[in-house]
Amino acid sequence: MPKLIVIASGNAHKTREIQALLGDGFECRTLNDYPDAPEVEEDASTFAGNAVKKALSLVDWLKHEEDLTEGWVLADDSGLEVDCLDGAPGVRSARYASGTHEGNSPDEANNAKLLAELRSKPQHQRAARFRCVMALARTGTYAHPQLFDGTCEGHIAEAPAGSKGFGYDPLFVPENFEDTFGTLGAEIKGMLSHRAAALRKMKEWLEAN
Ligand code: IMP
């Protein structure tokens, strides 16, 4: 029987990536299947804090769903850390340009702000990584979720390139490559990404538990 997982995200890019990486042994639902689930304010100071908050909020909301007594909730929080900016945009990656807690900024605005912050920095000072923390919780319990993290090292390009992917993909050049994720596309990103790294750990753990 496939394991039932509700992904605590409605972001089609993310959920597609996660579903593709999990493969056939999993039946995935997303927040698009639960449009009334409450929005969670991502106001924690760490990726793990936000991922745990999102996972437990959805576990609570799903407690009356009868077909979910044996399932899992998976929440991820992810973002970009740039070394010479002391780890910014970090947990604020989605709302970097707006500078507030509320409301995400358009990807183009976030990318423009990042390029402006890095103006005149040579490549060796543009080191960055994507980081992802996944929180996996059992439905029907409030036990602390199991956490899995993954990173993808690289650097920030001097100009956007490519229209594949989302977020900072047009600016992020993974280690050992010369093109951005925006140019490299889903197949290569699926092997290298921070989400893939975290998901591999999670799959291993689920197979053993
Ligand atoms: P989250 O949805 O709260 O995890 O916010 C993540 C934000 O970080 C996104 O809105 C993107 O700006 C950025 N981000 C996370 N993962 C990726 C990725 O794989 N590619 C590009 N940007 C990403």
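Q: What is a pocket?

A: A pocket is an open set of grid points where a probe fits, with protein on both sides within 12 Å along at least five of seven lines. Please keep in mind that this model is predicted.

Q: How much space lies in the largest pocket, and which of its lining residues are closest to its centre?

A: The largest pocket holds about 1100 Å³ of space. Its lining counts 41 residues, and K14, E42, K54, A94 and N104 are the closest to the centre.

Q: Which elements give two or more residues to that lining?

A: Look for α2 (47–61), β3, α3 (107–117) and α6. The most comes from β3, which supplies 5 residues to the lining.

Q: How do the residues of the lining divide into nonpolar, polar and charged?

A: You will find 14 nonpolar, 14 polar and 13 charged residues lining the largest pocket.

Q: Where is the ligand, then, and which residues around it are closest?

A: The ligand takes up the space of the largest pocket. A residue belongs around a molecule when one of its heavy atoms lies within 4 Å. Here 15 residues surround the ligand, with K14, E42, D169, K189 and R195 the closest.

Q: Which elements give two or more residues to this shell?

A: They are β3 (72–82) and α6 (194–208). Strand β3 gives the most to the shell, with 3 residues. By type, the shell around the ligand has 4 nonpolar, 5 polar and 6 charged residues.

Q: How much of the ligand does the protein bury?

A: Start with the ligand taken alone, which exposes 490 Å². The protein buries 91% of that area.

Q: Which residues does a cis peptide bond join?

A: To spot one, check the omega angle: between A88 and P89 omega is about 0°, and the bond is cis. You can find P89 in the loop between β3 and α3.

Q: What is the phi of S120, and where does S120 lie?

A: S120 has a positive phi of about 75°, although S120 is not a glycine. Look for S120 in the loop that runs between α3 and β4 (127–138).

Conventions: Residues numbered from 1 in each chain as written. Predicted model: local features only at pLDDT ≥ 70, side-chain atom pairs only at ≥ 80, totals over all residues. Heavy atoms only, no water. Areas by Shrake-Rupley, 256 points an atom, 1.4 Å probe, with all protein chains shown as cover. 1 Å grid on protein atoms, 1.4 Å probe; cavity = no way out; pocket = protein on both sides within 12 Å on 5 of 7 lines; lining within 4 Å. Sits in = over half its atoms within 2 Å of the grid points. Helix = DSSP H or I, 4+ residues; strand = E, 2+ residues; numbered from the N terminus. Nonpolar A, V, L, I, M, F, W, Y, C, P; charged D, E, K, R; others polar. Points joined across faces, edges and corners; volume = space filled by probe spheres on them.
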